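Here is a short tour for anyone who likes to start from the coordinates. Please keep the viewer open while reading.

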Amino acid sequence: VLFNVVLEKMVNSCAVALVVVCIVAFAADLAHGLAVEVDAHSDECFFERLSTGKKVGLMFQVAEGGFLDIDVKIIDPNQKIIYSGERESDGKYTFAAHMDGEYSFCFSNEMSTMTSKLVVFSINVAGSEGFVQDELEGSHDKLHDMVEELAESVMAVKREQDYMTIRERTHRMINDSTNSRVVWWSFFETVVLIVMTLGQVYYIHRFFEVKQMV
């Protein structure tokens, strides 16, 4: 009897470990991290096919270009605007699909005349851990509840990790750009200082030459 109890616990532990590995693997596939360059007077759209009830999260940040702003729109399959934002530098928006179909995620740079914008973003589809329910369908025991809770937690951590990755990349680009500008500005100041020094030396030298001639 004791052997059977130990064996049952080992089987349950292995099942939990297997499901956890599957959750982590699926979570990595369900989060799409992308970067796109939006030219001036143009827009870029991405599409995601969703079923009713699916929760979707959009995270974005303008990494470089102009004033680091972009127009954002989320459009449902009936071409109705779910979310619209103007001149935003970064943001997070989550919604639940109210119907089956293809949803559009668009970034518009119509306001710019010459400057293109680099937008880093990710589209995260939550509630896609249905394989857990299929494997454990009909058994609403404690193990099932723990797996479902763990699945949601993993997806939340993955979404936050994607957002922090986007912010880190954006800040690194800004720091690199600022550092480059500081270096070039310091070089320009050095050149100006050298030119002014030579000019002053030349002027003083000419001043004393004229005074000696007088």
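Predicted model: local features only at pLDDT ≥ 70, side-chain atom pairs only at ≥ 80, totals over all residues.

Strand S4, residues 70-75, runs antiparallel to S5, and the two are paired over 5 bridges. Both belong to an open sheet of 4 strands, ordered S2-S7-S4-S5, in which the pairing is antiparallel. The edges are taken by strand S2 (43-50) and strand S5 (81-88); each has a single partner strand, so one side of each is left without a neighbour in the sheet. From one strand to the next, the twist averages 10 degrees.

## Aromatic pairs

Let us turn to the rings. The structure contains 9 aromatic pairs. In one of them, tyrosine 83 and tyrosine 93 have ring centres 4.4 Å apart and planes at 20 degrees, so this pair counts as stacked; the cut-off for stacking is planes under 30 degrees apart. Tyrosine 83 sits in strand S5 and tyrosine 93 in strand S6 (residues 90-96), so the pair links parts of the chain 10 residues apart. Tyrosine 93 is partly exposed, its relative accessible area being 24%.

Another pair joins phenylalanine 107 and phenylalanine 121: with ring centres 5.0 Å apart and planes at 50 degrees, it is tilted. Phenylalanine 107 belongs to strand S7 (residues 101-108) and phenylalanine 121 to strand S8 (residues 117-126), so parts that are 14 residues apart in sequence are tied together by this pair. Both phenylalanine 107 and phenylalanine 121 are buried. Ring pairs also build a cluster, made up of Tyr83, Tyr93, Phe95, Tyr103 and Phe105.

## The largest pocket

Now for the empty space. Rolling a probe the size of a water molecule over the atoms shows where such space is left. The largest pocket has a volume of about 180 Å³. Its lining is formed by Ala63, Glu64, Gly65, Gly66, Leu68, Met173, Ile174, Ser177, Thr178 and Arg181.

Which element gives the most to this lining? That is H3, with 5 residues. Strand S3 (55-64) and helix H3 (142-213) each contribute at least two residues to the lining of the largest pocket. By type, the lining residues divide into 4 nonpolar, 4 polar and 2 charged.

Technical notes: Residues numbered from 1 in each chain as written. Heavy atoms only, no water. Pairing = 2+ DSSP bridges. Axes fitted to C-alpha atoms, helices over the stretch in contact; angles between N-to-C directions. 1 Å grid on protein atoms, 1.4 Å probe; cavity = no way out; pocket = protein on both sides within 12 Å on 5 of 7 lines; lining within 4 Å. Points joined across faces, edges and corners; volume = space filled by probe spheres on them. Nonpolar A, V, L, I, M, F, W, Y, C, P; charged D, E, K, R; others polar. Phe/Tyr/Trp six-rings, centres within 6.5 Å; stacked < 30°, edge-to-face > 60°. Buried < 20%, exposed > 50% of the residue type's maximum accessible area, 1.4 Å probe, protein only.
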